[in-house]
Amino acid sequence: MVKSGEVTWVNPNEHPKSVKPCARSGHTITCMQEKAIVFGGCGIEDEAAAVFNDTHMLHITDGYRWEKVDAMGDVP
């Protein structure tokens with residue numbers, strides 16, 4: 001989180017009911033109003049390299065609550 005007048009990282013307390021995504025790189029993130037949407041990326045799953053095709057939403061104003069989103073439609 002960036003505060004006005006200073007640049008510093010703050011580790012917010014996450015919502016207790018969060019289902020956060022695993023660590024990844026090469027993903028996209030889109031911020032919209034009070035939400036951030038994370039899609040895809042690469043990382044490690046079950047001790048092996050993995051390519052993710054999942055979508056997660058961070059509800060910023062709801063105590064930093066993560067939610068896995070069941071997206072519909074064609075796979076990008």
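Predicted model: local features only at pLDDT ≥ 70, side-chain atom pairs only at ≥ 80, totals over all residues.
Figure 1. Strand 4 covers residues 65-69 and runs antiparallel to strand 3, with five bridges joining the two. The two strands form a hairpin that has five residues between them. In the turn, G63 has a positive phi of about 65°.

**Figure 2. The pairing of strands 2 and 3.** Strand 2 spans residues 35-45 and pairs with strand 3 in the antiparallel sense. The pairing extends over 10 bridges. F39 stands opposite T55, which belongs to strand 3. These strands also form a hairpin, here with two residues between the strands. D46 in this hairpin takes a positive phi near 55°.

Figure 3. D54 lies in strand 3, which consists of residues 48-59. Is D54 buried or exposed? D54 counts as buried because its relative accessible area is 14%, and the cut-off for buried is under 20%. The side chain of D54 makes a polar contact with the side chain of H56, at 3.1 Å. In a regular strand, side chains alternate between the two faces of the sheet. When neighbours within four places in sequence are left aside, D54 is in contact with R24, V38, F39, G40 and K68.

**Figure 4. The largest pocket.** The volume of the largest pocket is about 370 Å³. Its lining has 12 residues, and those closest to the pocket centre are V10, P12, L58, Y64 and W66. By class, the lining of the largest pocket contains nine nonpolar residues, one polar residue and two charged residues.

**Figure 5. The second largest pocket.** This pocket has a volume of about 170 Å³. Which elements give two or more residues to the lining of the second largest pocket? They are strand 3 and strand 4. Strand 3 gives the most, with three residues. Sorted by class, the lining of the second largest pocket has six nonpolar, three polar and three charged residues.

Methods:
Residues numbered from 1 in each chain as written. Heavy atoms only, no water. Helix = DSSP H or I, 4+ residues; strand = E, 2+ residues; numbered from the N terminus. Buried < 20%, exposed > 50% of the residue type's maximum accessible area, 1.4 Å probe, protein only. Polar contact = N/O pair within 3.5 Å; in protein donor to acceptor, adjacent residues only side chain to side chain. Contact = heavy atoms within 4.5 Å. Pairing = 2+ DSSP bridges. 1 Å grid on protein atoms, 1.4 Å probe; cavity = no way out; pocket = protein on both sides within 12 Å on 5 of 7 lines; lining within 4 Å. Points joined across faces, edges and corners; volume = space filled by probe spheres on them. Nonpolar A, V, L, I, M, F, W, Y, C, P; charged D, E, K, R; others polar.
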